[in-house]
Every structure is written in structure tokens, then in C-alpha cells.
Amino acid sequence: YSKMATVSLGFNIDSPRWDQSTFVGRLKHFLNITDPRTVLVSEEELDRAKALVEGCRAGLVPPGSSQEHLLYAKKLYDSAFHPDSGEKMNLIGRMSFQVPGGMAITGCMLQFYRTVPAVVFWQWVNQSFNAFVNYTNRNAASPISLRQIGVAYVTATGAALATAVGLNLYTKRAPPLLARWVPFAAVAAANCVNIPMMRQQEIINGITVTDENNNELGRSRRAAVKGIAQVVLSRITMAAPGMIILPIIMERLEKFTFMQRIRVLHGPLQVLLCGGFLLFMVPAACALFPQRCSLALADLEVELRDSIVAKHGDRVPYVYFNKGL
């Protein structure tokens, strides 16, 4: 790193590199931290990145460190460690694993949609994957019991299977394209159940809200509902282009003679095309809403609002919280 610029005076490793109040700024941020190449980084290198980030926060920058070196360490840290707890997230649940994991599962759901056993199996696989992702990216300040995790998993899987199998049987006599869209309907329905169920403690007990300077103000259930609703919408948006547009593409491609000769390659082709969609849609969907979500004081529960006004007057027009991913 000798040819790189040294760390500038007043460098703050936690300051966003891009303006997080704009969609483009958030998109650049999530393109950086959802980079699927980071899943190949060794555990040792991730631990070194964490140590470097924490050292930098404490003002202990190793001699000779460049700003680029520190920013890369922060990229690895953000991709692998939870923003609330600082704990290393399981590999399958990281947003950087959404492209390789999601493309394989989504491609198979779109390919094997004709028979009920195939629909049941791939929807089960998808909901198991989603359970890992939703648990990993919850607001870590709200613990959830193993029993609640189990109920959320079973409920979401049931919703996905009921939707998929029901629509699969309903579309037997419908145009072929409608049958290809059944997996997306099942995924959307399951997301509306899985995420709120997996994060039910946040809705029941509320999540911590802070002022602009990160000073804790209390816990709000309405903040939790807003954050979770935004996550549900983001997840559906993440899946929509690939699961809606790709069936149209495949429906037209399969009419060509050369495609009929290589049916065995249809599955791998759909997996690769899903990867192309997800490569952009994962960061784009994550960027739909600010990670540090805000809620107007007037929209809070009456008790919490009165408590904040009593302590701070009109100096806190908005409260802030981590909405999760």
C-alpha cells in the first residue's frame, strides 16, 4: 500500500462513503457490502478486518495503513458482522451470500414448477434459506426464543406451500406463463409471514429508538412495524424482476428448436440468469429505504412521545432506529 494515499486527518471509518439520504448513495453502499466475492474471504481475514476497524474506532491506526486499506477492512466488516451486535453472522444469512444462494434456489424453483412434489421440496428449501437470512439480519437488540423461531419457520413454510400448491393446481388449465409465476406468488406470500413472525419480539416489545446523536430514547412498537414492513417490501422487490421477467424469457426461448434440444441445460441457464438479476437486485432492494430508519415524533406511541417531550421538549422531531435487512 506504499503507493496509496495515507489516512487523512479526521478520517472516521464509520462515516458513510456515500450519501445515505439518496437512493443512489445507498445503492453504492450496498453494492459494496453485498459483493458476493466477500463470501470467499477466509475467517482469519474477516477477524483481522474486524480488529482493524475496532482499532481505528479507538484511534489506533497501524503505522503505514492507507485509507484504501481501512475502507476495504470496513467493507469486509460490514459484509460479515452484524451492525447492532458486532458478532460475525453465519455465512448463509449474510446479504453477500444472497446472490450465490438465491440464484441456485430461485433458478430451481423456476425450473421445477410443474409437479407438486418438486414445488413442495423447493419451496421448503427456499423457506429454510429465508429463515436463516431473516434471523441473521434481525434487529439484534430484540432476542427471539428457539420456540418462536420454530413457529415462524413452520408458519412461513406452510404459507409458501399452501400458496404454491394451491396455485399450481389452479393453473393446470391456465396459460403456461401463469404457472411459471406461481413460485413468485408463493415467495411473496411467505415473505409477508416469515419476516414479521421471525421478528415478532420487535413488534411485541418494541425496538430501541434514538435521537440524531444516537442517544437512546426508549422502545417503540410502531418503529418496529415500520422497519419490518419496509424489509418485507424490499425482499419482495428483490425477488420480483427475476421471478417475473425470467419466466417470460424462458417461455419464449423454449419455442426455439435449439432450446428444445438442450432441455437438460434449462435449469443451469435459469440459475445463471437468476444470478444476473440478483447481482443488481440485492443491493437495489436493500437500498430502497435507509438502513437507519426514521419516524416522526408525532407518529410514536403516546406514552413514548410524552416521555421524550417531557425530557427534551421540541428538540427531537424525529427518532431513529436500525430497520434490519
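1. How many residues of domain 1 are in contact with residues of domain 2? In this predicted model, 13 residues of domain 1 are in contact with 16 residues of domain 2, where contact means heavy atoms within 4.5 Å. The domain assignment, automatic or from a database, places domain 1 at 5–81 and domain 2 at 95–322.

2. On the basis of the model: local features need pLDDT of at least 70, side-chain atom pairs count only at pLDDT 80 or more, and totals for chains, interfaces and linings use all residues. Residues are numbered from 1 along each chain as its sequence is written, and side-chain values use heavy atoms, with hydrogens and water left out.

3. Between them, domain 1 and domain 2 bury about 1,100 Å², 75% of it on carbon and sulfur atoms; buried area is the accessible area (1.4 Å probe) that two parts lose on being put together, summed over both. Of the area that domain 1 buries against domain 2, Arg 26, Phe 30 and Thr 34 supply 44%, more than any other three residues.

4. Zero salt bridges are counted between the two domains, a salt bridge being a side-chain nitrogen of Lys or Arg within 4 Å of a carboxyl oxygen of Asp or Glu. Helix 1 (residues 23–33) gives six residues, the largest share of the side of domain 1 that touches domain 2; helices are DSSP runs (H or I, at least four residues), numbered from the N terminus.

5. Elsewhere, Val 187 lies in helix 8 (residues 182–198). Leaving aside neighbours within four places in sequence, Val 187 is in contact with Met 109, Asn 126, Ala 239 and Met 243.

Terms used: Helix = DSSP H or I, 4+ residues; strand = E, 2+ residues; numbered from the N terminus.
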